[in-house]
Amino acid sequence: MGPTEPDILELPFTDAARGLRYRLSTSDDQASMRTIDSSFVTDRVFQLQSRISNLELGDIGFGLDIKAVQLDTPLHKSFPDDEDSDGDDESPDCFTVVVEDINALSTMDSPTIDPNTTGNNNKIVAFISAKFSSWNARLIITDIEISPLYRRQGIGRNLIRFAEALGSARWPVRHVWLEVSNVNYPAIQSYLKMGFKIAGLDVSLYVGTQAEGEFAIFMWKDVSGSAEAVS
């Protein structure tokens, strides 16, 4: 069965075939969101190669190439806990969409579970957080995480689509923007398939952090024609 793409991008949305519900987050979801294992394993990463050449009239030219390379041994990448990355539900320019496993909810101790309510029993398996930047009409994806057992099911694509639709419904969004490490080869490939393009990079962003030695790749997607972008 292929990835699910909702025909109507309205929340809450239930993917009955997979037993998943997409909805806006509440303060009760924070603890469950922090239990998601966002680590990944990859046998490829992107590396940066620079070129400097002397041009006519004494000018200096340069070029940058980002190329995928095969690793001798697979890389297991884990991320440190960052409570600030879960979004700020109180801020009017932020939102978070969560995905909960309905089947996991139904097997919990509670004898009856109202599908229209949320609470501490939530089994959050994925989420996306976004923030709107008004000066350049940019919707910034600040975080997206999916539990390992729920990956490769179209959830990431759905979350991006919901973020685009929700952001465009609230604000005059022109483009979506995100940042990803060069070692996150699987995510970069997914974003490219979703229509994102390379916007630039920052080789110093992770200096002094646990990700030192990696570089940030910035990606963007034009959604100025929001009606066409989410159809």
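Here are some questions and answers about this predicted protein model.

Reader: Is R174 buried or exposed?
Author: First, find R174 on the chain: it sits in the loop between α3 (155-170) and β8 (175-181). Exposed means over 50% relative accessible area. R174 comes in at 55%, so the label is exposed.

Reader: How far apart in space are R174 and E164, C-alpha to C-alpha?
Author: Along the sequence, R174 and E164 are ten residues apart. In space, C-alpha to C-alpha, the distance between R174 and E164 is 9.9 Å.

Reader: Which residues does R174 touch, not counting those up to four places away in sequence?
Author: Picture R174 in its loop between α3 and β8. Leaving out residues up to four places away in sequence, R174 touches A137, K221, D222, V223 and S224.

Reader: Is A137 buried or exposed?
Author: A137, one of the residues R174 touches, lies in the loop between β6 (124-133) and β7 (138-146). A137 also has a positive phi of about 55°, although it is not a glycine. To count as buried, a residue needs under 20% relative accessible area. A137 has 6%, so it is buried.

Reader: What is the relative accessible area of R152?
Author: R152 is another residue other than glycine with a positive phi, here near 60°. You'll find R152 in the loop between β7 and α3. R152 is exposed, and its relative accessible area is 87%.

Reader: Which strand gives the most to the nonpolar patch?
Author: The patch on the surface is formed by I52, I60, F62 and L64, with about 510 Å² of accessible area together. I52 is found in strand β3 (residues 40-54), and I52 is exposed at 68% relative accessible area. With three residues, the strand that gives the most is β4 (residues 60-77).

Reader: Where is the cis peptide bond that involves P12?
Author: Look at the segment before β1 (13-15), where P12 lies. Omega is near 0° there, and the cis bond runs from L11 to P12.

Technical notes. Residues numbered from 1 in each chain as written. Predicted model: local features only at pLDDT ≥ 70, side-chain atom pairs only at ≥ 80, totals over all residues. Heavy atoms only, no water. Helix = DSSP H or I, 4+ residues; strand = E, 2+ residues; numbered from the N terminus. Buried < 20%, exposed > 50% of the residue type's maximum accessible area, 1.4 Å probe, protein only. Contact = heavy atoms within 4.5 Å. Patch = residues over 30% accessible without salt bridge, like charges linked within 9 Å, V, L, I, M, F, W, Y side chains within 5 Å. Areas by Shrake-Rupley, 256 points an atom, 1.4 Å probe, with all protein chains shown as cover. Salt bridge = Lys/Arg side-chain N within 4 Å of Asp/Glu carboxyl O.
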